[in-house]
2 protein chains.
Amino acid sequence: MNFKEELKKRAKMVEEALERFLPPSSAYPPLIHQAMRYSVMGGGKRLRPSLVMAGAEAVGGSAASVLPAACAVELIHTYSLIHDDLPAMDNDDYRRGKLTNHKVFGEAIALLAGDALLTLAFQLLAENKAGSPEDNLKVIHEAALGAGTKGLIGGQVVDTFSAGEEVDEVTLEYIHRNKTGALYRISVRTGAILAGARPEQLEALSRYAEHLGLAFQITDDILDLVGEERIIGKPVGSDLKNKKATYPALFGLENSREKASLECSRALSALRDFGKEADFLRSLVEFVINRDY
Amino acid sequence: MNFKEELKKRAKMVEEALERFLPPSSAYPPLIHQAMRYSVMGGGKRLRPSLVMAGAEAVGGSAASVLPAACAVELIHTYSLIHDDLPAMDNDDYRRGKLTNHKVFGEAIALLAGDALLTLAFQLLAENKAGSPEDNLKVIHEAALGAGTKGLIGGQVVDTFSAGEEVDEVTLEYIHRNKTGALYRISVRTGAILAGARPEQLEALSRYAEHLGLAFQITDDILDLVGEERIIGKPVGSDLKNKKATYPALFGLENSREKASLECSRALSALRDFGKEADFLRSLVEFVINRDY
């Protein structure tokens, strides 16, 4: 499998589906729909929806059948980015090289566009045709739990209030497990549940997602550091002085690389009992550890 | 029926249930849970959850069985108030005589508390035990539609962007139908659907809710005007000069009173085929037109 080609193919499927599921820019009131589309159609690797599809395939389901659910997870991810970028939170002007939503549409519309994407996510999950009604309710319940204060929002709260503070390992892991990990876990489980996963399959895929999420976050921290060093010549270790909550800041670069590698091995081990239908999930692990972007 | 006693009894049921469904203030991370509780447990008439319960009773169901759904609607209402009060939106310091959420907890936590309440609402709807799984999915779908850009959020967008502008009747009705009306409609329909309403019952209850919502909004506008006149001696008609989008501003006080009264008659007519099991809904109409708060 050429993994990067395969990932692109999936991203294209997701983007075509998002195009269908988002209200047109012209729908009244147009400004809010333009703002929603601006951030959702603004690129990205579409890793989370690809995980939903791969979760379905791993247990014998089809990628296409879980597209509404895959898009729902991407909408939850996008809403969290828009709100995270607001002046009251991280106050970021750029994301993925583009102006952030509130820089283009103003704070009021950015706030409401985030609200609307979260709401639309649950609409899509309720419209989903794959899986039994019981399975769809289970997916909605898990999505709400994972996106709530015991998941995504909990991670954001602790992240926001520990900026500039001394952060210990327990707190750092809490932030990453919740701010990033919770959506990875939901993504794989959503696909698997809708495709009729057995309990032991679901349990194994959940472990896979948790280790993958941590590996992804650690390499993200490493890339930030190494990237900065290469581009602006900032010495390795300056994040440590700034007390930024990152793995390299807490453990050093080499230990962080080992930790990422260990999480990857654990992710692969979790897939032990799956056949070639889980190959995309396996290749994703290689991609996460070796990526340079 | 002593309607005010009955409404208080229902508000108490809802508040006890909200107390159970909201995470405790001490749950990690505590600040977000304190902020959620601050606004949800901050009083209010609990009209929307009472409508959910009354919708169930009107078609022979029980109020208690739809309590999680009733609480979900109240959480959606509260999230919209918290976000509406933020500096980026209406920038209000007080609500119901108490400091607004962001004045107590800061903007970041208020933003996330709103997000968390919306998310928790969908969690409660997915946990709900009344109704078949199909009915619960239908309720979640309707709640997402009504809370989204074709409902609540659409109304907020148009309201925010027409502040200070000349607003015509069509726009005013759009704002009220969506910003207020959509949740009234969802409330009654949610209770009725979960209690197994027949299509013609659901249709009649939807008409009831739409007329009740408009009547409520018009009397709200009238009370604002008359209340202000009595308290700060501002002459009737000053809202007209300030181009505030209200019914009295557009139609004058007397025409607005007639309009509210007409909407009430229409709401009552919609209940024509219901027996005494819809008496709470009928009394609510009287309450809405005659209230002084």
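**Exercise 1.** Is the crossing of α6(B) and α7(B) left-handed or right-handed?

*Solution.* The model is predicted, so that local features need pLDDT of at least 70 and side-chain atom pairs count only at pLDDT 80 or more, while totals for chains, interfaces and linings use all residues. Residues are numbered from 1 along each chain as its sequence is written, and chains are lettered from A and ligands numbered from 1 in the order in which they are written.

Step 1. Locate the helices, which are DSSP runs of H or I with at least four residues, numbered from the N terminus. In chain B, α6 covers residues 107-127 and α7 covers residues 133-147.

Step 2. The axes of these two helices of chain B lie 9 Å apart, at an angle of about 160°. α6(B) is therefore roughly antiparallel to α7(B) (an angle over 145 degrees, on a scale from 0 to 180 degrees between N-to-C directions).

Step 3. The crossing of α6(B) and α7(B) is right-handed: the near helix is turned clockwise from the far one by less than a right angle.

**Exercise 2.** Determine which residues form the contact of α6(B) with α7(B).

*Solution.* Step 1. Residues are in contact if their C-beta atoms, placed from the backbone, lie within 7 Å. On α6(B) these are B:Phe122, B:Leu125 and B:Ala126, and on α7(B) they are B:Asn136, B:Val139, B:Ile140 and B:Ala143.

Step 1. Sorted by class, this contact of α6(B) with α7(B) holds six nonpolar residues, one polar residue and no charged residues (Ala, Val, Leu, Ile, Met, Phe, Trp, Tyr, Cys and Pro count as nonpolar, Asp, Glu, Lys and Arg as charged, and the others, Gly among them, as polar).

**Exercise 3.** Describe the side of chain B that touches chain A.

*Solution.* Step 1. Chain B and chain A each bring 39 residues to the contact.

Step 1. α6(B) gives the most to this side of chain B, with 13 residues.

Step 2. The residues of this side of chain B comprise 24 nonpolar, 11 polar and four charged.

Technical notes: Parallel < 35°, antiparallel > 145°, perpendicular 65-115°, else oblique. Contact = placed C-beta atoms within 7 Å.
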